[in-house]
Structures are given as C-alpha cells and as structure tokens.
Amino acid sequence: METVEVNLGTRTYPIYIGAGLLQKGALLRQHIAGSSALVVTNDTVAKEYLEPTLAALHGGDSGIRVEHVVLPDGEQYKSIEVLQRVWDKALQSRLDRNTTFVALGGGVIGDMTGFAAAAYQRGVAFVQIPTTVMAQVDSSVGGKTGVNHPLGKNMIGAFHQPQCVLIDTKALDTLPARELASGISEIIKYGLIRDAELFEWLEANMPRLLARDPQAWTHAIRRSCENKAEVVAADEREGGVRATLNLGHTFGHAIEAAAGYGAWLHGEAVAAGTVMAADLSRRLGWIDAALEGRTTALIAAAGLPTRPPKGMTPEVFMGFMGVDKKVVDGTLRLILLKGPLGGCVITSEFDAAELRATLEEFCDGA
Ligand SMILES: NC(=O)c1ccc[n+]([C@@H]2O[C@H](COP(=O)([O-])OP(=O)(O)OC[C@H]3O[C@@H](n4cnc5c(N)ncnc54)[C@H](O)[C@@H]3O)[C@@H](O)[C@H]2O)c1
Ligand SMILES: O=C(O)C(=O)C[C@@H](O)[C@H](O)[C@H](O)COP(=O)(O)O
Ligand SMILES: [Zn+2]
C-alpha cells in the first residue's frame, strides 16, 4: 500500500492506494468517526462492492451501526432532488451528528455524498471510496462536493474534506473501457498544467494503461493524487492556483450541460475542452504548434474525443461559459497553456476575437 497525504493542517488526511484495500476493513474502520455510518452508492456499484464495504464496516466486531442508501446511476441524477434521498435515509434512520457518510462509487456519488455530509445537521464526517479512474485520480481528493443545476455544472455545493480516501485499484477491473478512458483525461490534465514528466510518461505508456496493466495504473494514480494533493494543500478554496485544475473545463462543462448531463462523460467533455484550450493557447502564441499537436495526439491515443459534439455553436458555448464559476465581475477567465510543457496561466488576457476563432474552428454546426 502507498499513502499520499493532503496536507491541510489539523484537517490533513491520507489517501491510501493499493490492490484489495476494500478487504482490509480495519483501515476503513479507523476513519469512521462516531458510532454509525451511512454508505451511499448507486445500483451499478452496489452489485459489486456494497457487500464487501458493509462487511468491512461490520468486521472486527466493530459495533458500528451501518445503514446504506442506493441512488440511481448517472450524471443526470446528480441533482438536489436525488440528493434529498440521502438526507431522507439519514433522518429516517435517526442518524445523529456522530455519523460518518461513506461515498462508494465514482465522481457522481463522491460529489453528492460529500455535499450531503457537508449539509447534514450542518456537517458530519465522510470517507471517500472511489471506484472509477475519474474518482481515484481526481474527484475523491480535495473536498469539492456538490450537484449540477440545469443552468450549470456543479453550481450548488460546498467545500468539505473527507476523513480519508481509500483507493482499491482492484475496483478498476470491473470498470467499462469508456469510463477508464474518461478518467485518463484528468491525468493528462496534470501533465499539461504542472507535470511534464507525467505527460511524457503518458505518451510512452498509454497502451499499458488501456491494457489495464496494474503497475502502470498504480503509478498513474499515485502521481495524479500527489499532483492534486499539492495543489489543494496550496489553495484549498480556489483563490488562485487551484483554478488550474480547471484546464479544459470551461469548454467541457458547457458541453456537458448543453448535451444534457450524461450524454457526454465528464472526462470526454474535458478532453475536447482541453484540445480547444490548446488551440486558443497556440493562437495567442503561448504554445507552439508542436505542443498543441502532442496534446491532441495524447488525448486521441486515450480514445477520447478531440472535438465537441455536433450541434454545439459558439453562442451555445458562450451562454454556458458566461456562468462559469471562474467568471469575475462578468469577465471570463480561462486556464490556458503557456509553454514549455507543464506551464499554464489563469487569464482573462485574451482577445475575444481569438476565442471566437477557436469556437468557430470547433463548432461544426456554426
Ligand atoms: N469533485 C471534484 O474535484 C471532481 C473532479 C472530477 C470530476 N468530478 C465529477 O465526477 C463526476 C464524474 O465521475 P465519474 O467519471 O466517476 O462518473 P460516475 O460516477 O458516473 O461513474 C461512471 C460510471 O461507472 C460506474 N462505476 C463506478 N465504479 C465502477 C466500477 N468499479 N465498476 C463498474 N462500474 C463502475 C458508475 O455506476 C457509472 O455508471 C462528474 O459529475 C464530475 O463533475 C468531480
Ligand atoms: O478539484 C478541482 O479544483 C477541480 O477543478 C477538479 C476538476 O477536475 C473537477 O471537474 C471539478 O469538479 C471542477 O470544479 P468546478 O469548480 O469547475 O465545478
Ligand atoms: Zn474534472
């Protein structure tokens, strides 16, 4: 087992990474604050991993009272209405503040459970057990929690850090290939914004990841968690550098919302958005055509889309981008690449005409 720490002073927490960690019940139990736990999962993940999780919590005569709630599976259910079911279950079970919520699943379950925990009786503890690549390399770390709104992605939420993140790499064995690729999008992101060595490693090792080589995955997950932990420790609430984790997301979130949540996976939308950010960066002269080409090629090598879906227009993009959380006083800020590889900026210093040119280049329906 490897451990990466998210250093947040008195709220510092560990990320455990290893094969078969879900079977090590003591590890999970030591992070259950209080006498009860509410496991939150979805119907797909429950089939494979609910029983082992319940067994881990009950093991060693723990005396922990364990409840669970199973939500419907899908990004379209990442809503305040569905989240209500978690609070309903907690209240019906008379769970008090001495309870730990346990998020068992991908990023949707992790974000929803974290927000449910942040608001339940004004805040209870929670633990992340991420079971997708997306959740293991990104969403389970850093405490961004919340739900979508029809007018914008992740618009309702809270910062709430988990007690620990328990990454069982064996869970990826059952993950569909499309979901595996979606998560790779965020690993490429770390390479582009701050870790040139990781980007080059991905260029050399993409076939190993797609072939599910366990050693390659352990490396990719650990490096990703290290990168994310460093950024979060430096800027927990996104006053500055944390916004760089949003590379490709302003375009990507517009795609997700416009296509209807769930039609495009988060990582797919971010992939196309990252290619668009690279295009704009090259137009501005901040990266050369070679780096733009390497970015597009790596994203394509992961089997991810390099263009947004048909039907997107510059107007649709601008409508959603205008309500992005990085907008300040009506001014759009983007994360753009600035050479060499591994460099980026958070900026509003770009000509609207250049942004328009990128949008037109990528909108088939324009
Ligand atoms: N909080 C953050 O910092 C952050 C970071 C990145 C993404 N996100 C959010 O995460 C969400 C996307 O997460 P995701 O890609 O994990 O999607 P997801 O949670 O919808 O999971 C993807 C699919 O995989 C299934 N699944 C999960 N684990 C499985 C397993 N081990 N075997 C088989 N199937 C499994 C799920 O049931 C689902 O159908 C988005 O809502 C995105 O906004 C949040
Ligand atoms: O942790 C962060 O900070 C991120 O931006 C990680 C992103 O990959 C993730 O998609 C996040 O949910 C986006 O945050 P948002 O604030 O733009 O909704
Ligand atoms: Zn993301």
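## Ligand shell

Domain 1 (2-174) and domain 2 (228-362) each contribute residues to the shell around ligand 1, so ligand 1 lies between them. The domain bounds come from an automatic or database domain assignment. This is a predicted model, in which local features need pLDDT of at least 70 and side-chain atom pairs count only at pLDDT 80 or more, while totals for chains, interfaces and linings use all residues. Residues are numbered from 1 along each chain as its sequence is written, and chains are lettered from A and ligands numbered from 1 in the order in which they are written.

Around ligand 1 there are 30 residues, of which Gly106, Gly107, Thr132, Met134 and Ser139 come nearest; a residue counts as near if its C-beta atom, placed from the backbone, lies within 6 Å of the molecule. Two or more residues of the shell come from each of α2 (43-58), α4 (107-119), α5 (133-139), α6 (177-194) and α10 (266-283). Helices (H or I, at least four residues) and strands (E, at least two) are DSSP runs, numbered from the N terminus.

## Nonpolar core

The largest nonpolar core has 109 residues, and Val40, Val102 and Ala277 have the most contacts inside it. Such a core is a set of buried Ala, Val, Leu, Ile, Met, Phe, Trp, Tyr and Cys residues joined through C-beta atoms within 7 Å. A residue is buried if 20 or more other C-beta atoms lie within 10 Å of its own, exposed if 12 or fewer, and partly exposed in between, with C-beta atoms placed from the backbone. Helix α10 gives the most to this core, nine residues. Domain 1 (2-174) and domain 2 (228-362) both supply residues to this core, so it lies between them.

## Annotated spans

UniProt lists "domain: 3-dehydroquinate synthase N-terminal" (unreviewed entry) at residues 69-181. This span is 34% helix and 30% strand, and its end C-alpha atoms lie 28 Å apart. The feature "domain: 3-dehydroquinate synthase C-terminal" (unreviewed entry) is placed by UniProt at residues 183-327; that span is 68% helix and 0% strand, with its end C-alpha atoms 26 Å apart. UniProt positions are in the numbering used here, feature names are shortened, and annotations may be inferred rather than shown by experiment.

Strands β10 (residues 334-337) and β11 (residues 344-347) pair in the antiparallel sense over four bridges; pairing requires at least two bridges found by DSSP. Leu334 stands opposite Thr347. From β10, Leu334 and Leu336 point one way and Ile335 and Leu337 the other, and all are buried. Six residues lie between the strands of the hairpin, where Gly342 takes a positive phi near 100 degrees.
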